[in-house]
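Morning, everyone. Please look at the screen.

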Amino acid sequence: MNAEIKRGSLEMIAAMLISGTIGWFVLMSGQPVINVVFWRCAVGALVLLAICGALGQLRRDCLTRVTLLLAVAGGVALVINWLLLFAAYSYASISIATAVYNTQPFMLVALGALFLGEKLTARKLLWLALAFVGMMLVVLAQPKQAGEQSNYLLGILLSLGAAFFYALMALAAKRLKGTPPHLIALIQVTVGVVMLLPLVDFHAPATAGQWGMLATLGVLHTGLMYVLLYGAIQKLPTNLIGSLSFIYPIAAMLVDRLAFGHRLVALQFAGAAIILLAAAGMNLLGERRRGARAERSAKPTPEPHQL
């Protein structure tokens, strides 16, 4: 393993481990979901502004009107994605919400077929069917108590909604090849600040520790994570990126188990494993094909990270 691959792997692993702790920080902040997303966007925007300035990306020639509109549309989808996913943590646990959220590659495949004319091959349909089986196992393992049952199903629906809006954001990102990724991220979180400013509760009580959680979500989980993620993407082959990205859901499930004691029952564990297996198969299949094309042409701009 050469030095660049090794460094890129370490950056990718660090980015995924950071992503895996997001749910803990969201829940421990004790704030309404809208406040959590707003402050993540606000603090993240300041960090990314400094990064883009240092990289010389704050230039007019970096964006056209069309790319700006696409980045804004992607930002709207990303913010809704965060709102839904963070809300799901309280209803279906971090583990289940993360597992269901990882159905987003299949939603992206469906949207690509509808709007980009991409083919639905037999292999893609097979992975999609496998993910559906995993989803049904997760849903069938819902708690028996009536109140918990409704909350659990609401968490599943919120997670599916988050996955759908992530797929919309990724679809917009596909049109932004050649645009600096840190600049795309800056635009997206700035959109979040504008969207949520009229809705945020500035009078919500928060301790110093809770403010620390919110600041960490902006600095560590947004600013620093983007730097690590895109640094890794620039150094690693696409198949390795796809493989290492699955550290995130595994880390999230471990954090959920250690911090909150949430243990998956057998059906939930099997369903989550099947969903991740299907997502891995879909992602790695696509990554290998993109990797082969990338060797014949310049690397495309990566899609913004799902978290």
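I will start with R59, which counts as partly exposed at 45% relative accessibility. For that scale, buried means under 20% relative accessible area, exposed means over 50%, and partly exposed is in between, with a 1.4 Å probe and protein chains only. Before I go on, this is a predicted model, where local features need pLDDT of at least 70, side-chain atom pairs count only at pLDDT 80 or more, and totals for chains, interfaces and linings use all residues. Residues are numbered from 1 along each chain as its sequence is written, and side-chain values use heavy atoms, with hydrogens and water left out.

Back to R59. Its side chain meets that of D61 in a salt bridge, at 3.0 Å from N to O. A salt bridge here is a side-chain nitrogen of Lys or Arg within 4 Å of a carboxyl oxygen of Asp or Glu. D61 has a relative accessible area of 60%, so D61 is exposed.

How many salt bridges does this rule give? The count comes to three. Salt bridges that share partners join R7, E11 and K235 into one network.

Take R7 and E11, whose side chains meet at 3.4 Å, N to O. They are four residues apart in helix 1, residues 3–20, so about one helical turn separates them. Helices are DSSP runs of H or I with at least four residues, numbered from the N terminus. Is R7 buried or exposed? R7 counts as exposed, because its relative accessibility is 54%. E11 is at 12%, so E11 counts as buried.

The side chain of E11 also meets that of K235, at 3.1 Å from N to O. This pair links distant parts of the chain: K235 is in helix 9, residues 208–235, and E11 is in helix 1, 224 residues apart. Both K235 and E11 are buried.

Next, cysteines. A disulfide is a pair of cysteine sulfur atoms within 2.5 Å, and a search of the whole structure finds zero. For C52, the nearest cysteine sulfur is that of C62, 8.7 Å away. C52 counts as buried because its relative accessibility is 0%. C62 is at 12%, so C62 counts as buried too.

Last, the serine. S159 lies in helix 7, residues 146–173. At 1% relative accessibility, S159 counts as buried. What does S159 touch, not counting residues up to four places away in sequence? The answer is A88, A97, V100 and Y101, where contact means heavy atoms within 4.5 Å.

Terms used. Helices (H or I, at least four residues) and strands (E, at least two) are DSSP runs, numbered from the N terminus.
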